[in-house]
Amino acid sequence: MTPGDQEETQPLLRPPGGSAPRSRRVFLAAFAAALGPLSFGFALGYSSPAIPSLRRAAPPALRLDDAAASWFGAIVTLGAAAGGVLGGWLVDRAGRKLSLLLCAGPFVAGFTVITAAQNVWMLLGGRLLTGLACGIASLVAPVYISEIAYPEVRGLLGSCVQLMVVIGILLAYLAGWVLKWRWLAVLGCVPPSFMLLLMCCMPETPRYLLTQHKRQEAVAAMQFLWGSEQGWEEPPVGAEHQQGFHLAQLRRPGVYKPFIIGISLMAFQQLSGINAVMFYAETIFEEAKFKDSSLASVIVGIIQVLFTAVAALVMDRAGRRLLLALSGVVMVFSTSAFGTYFKLTQGGPSNSSHVDLLAAISMEPAGGGVGLAWLAVGSMCLFIAGFAVGWGPIPWLLMSEIFPLHVKGVATGVCVLTNWFMAFLVTKEFSSLMEVLRPYGAFWLASAFCIFSVLFTLACVPETKGKTLEQITAHFEGR
């Protein structure tokens, strides 16, 4: 064990006598940072109301054909993958706070370009910019929140990242009912603008300041966030933190174990079938005789918000492992039921692109009626609730908790890149998979991945509730 290792296992920030800090300004700082995830949730949800309007437009108005609409929906994931790489670099070089401030720029610029769009390329360029900002925000916000929160509330505040994402998606759905796509893009500029204003008043994380040998600033940040700096201790930061990440460090269990867990969690999240279920959301509601198919988007959004809020409230009591395993089991049963539904109907559609993810699709079951459609509605709602309780928020929360400080930028960047790249692949190739395996086969395959995710959770994922970030690092090092 090197001196640098010993230093990292000690709490950088520790209250005297183990007492929990009392100041509530940490919640204000977490809210300011979570406006980034709210912004990228709005960017993700924007395509659902905007695309149908753009496809219906008559010349000479700006209009999207099927191919352009497909890219309009999917290009945001490519931008987000690039944003994950950029965010991983920024979070270590510029710091957590400045990275959040900088990501407001492409959010506002992207929505501004969409608002002023005169051709398809401007629309795609605006979506690419908002995707870039999504990638940065999805990485930096969880890291910032995990480093300012004390263990007793880190699960609650960390889960609010995903909660704000689904609130942003729901906000886009609701606003899309009353606003045209250009005005909807104008509304998209509001959350990142508020984030920019609020984050200017928030401190950098004390842990990052200590790695930069800025003790006075770190003490001031502690006093702002937790109410007092008296009695707080911090060790000297070893040279390891200044050297950053090197490939040779992957031989250390404290580095390669979190890498494997973080990347696997992100892959399993996208392979769980969430995109496939969302793909058929409005179709299933139509078969259940809902007159307004767009209501499906709002119902799905409300379920996501409610159960993600439940997860946030119980995260620090139930723990990450239990919620992940429970979530995975629920998704196994619901995706199996979904596959059975399509097997019984024998009439699933072969849709061509992500743009129909939440769009109305006409599909009549070959041998089922309204009752069978309601079985599908129940399975879908159960799946979305199960996903929201565990596999929605927890991979992002664990990503922000398990990595040592000196590799956090690179490691979280790789995790975010994995997540968004997998999202792009699943989004673009899902229709091909449906043609090869049929709908029921695709959902049964998702069920198999959910089984593997439960087994992986039980075998490999450690419990982090109530532990400091330094204690989590020490666990991986075997000390």
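A charge sits over a ring if NZ of Lys or CZ of Arg is within 6 Å of the ring centre and within 35 degrees of the ring normal. The charged end of Arg25 sits over the ring of Phe224, 5.1 Å from its centre. Arg127 places its charged end over the ring of Phe72, 4.9 Å from the centre.

The model is predicted: local features need pLDDT of at least 70, side-chain atom pairs count only at pLDDT 80 or more, and totals for chains, interfaces and linings use all residues. Residues are numbered from 1 along each chain as its sequence is written, and side-chain values use heavy atoms, with hydrogens and water left out.

**Aromatic pairs**

Rings of Phe, Tyr and Trp (its six-membered ring) pair if their centres lie within 6.5 Å; planes under 30 degrees apart count as stacked, over 60 as edge-to-face and the rest as tilted. The structure holds 14 aromatic pairs. Two of them are set out here.

| Pair | Centre to centre | Angle between planes | Type |
|---|---|---|---|
| Phe259 and Phe403 | 5.7 Å | 65 degrees | edge-to-face |
| Phe268 and Trp391 | 6.3 Å | 70 degrees | edge-to-face |

Helices (H or I, at least four residues) and strands (E, at least two) are DSSP runs, numbered from the N terminus. Phe259 lies in helix 12 (residues 253-271), and Phe403 in the loop between helix 18 (394-401) and helix 19 (408-460). The two are 144 residues apart, and their pair links distant parts of the chain. Phe268 is also in helix 12, while Trp391 is in the loop between helix 17 (370-389) and helix 18. That pair spans 123 residues.

Phe259 is buried at 10%, and Phe403 is buried at 3%. Phe268 is buried at 17%. Trp391 is buried at 1%.

Elsewhere, ring pairs link Phe42, Tyr46, Phe72 and Phe111 into a cluster. Phe72 is also the ring under the charged end of Arg127.

**Helix 12**

How far apart are the end C-alpha atoms of helix 12? They are 26 Å apart. The expected span is 1.5 Å times one less than the number of residues. Just after helix 12, Gly273 takes a positive phi of about 105 degrees.

**Helix 8 and its cover**

Helix 8 (residues 190-199) has four named buried residues: Pro191, Pro192, Met195 and Met199. Seen down the helix axis, they fall within an arc of 95 degrees, so they line one face of helix 8. The arc is that of the directions from the helix axis to the C-beta atoms. Their cover includes helix 2 (25-56), helix 4 (96-115), helix 5 (120-148) and helix 7 (181-188). Contact here means heavy atoms within 4.5 Å.

Gly125 is found in helix 5. Its relative accessibility is 29%, so Gly125 counts as partly exposed.

**Cysteines**

A disulfide is a covalent bond between the sulfur atoms of two cysteines. The rule applied is a pair of cysteine sulfur atoms within 2.5 Å. By this rule the count is zero disulfides. Cys200 is partly exposed at 48%, whereas Cys201 is exposed at 54%.

Key: Buried < 20%, exposed > 50% of the residue type's maximum accessible area, 1.4 Å probe, protein only.
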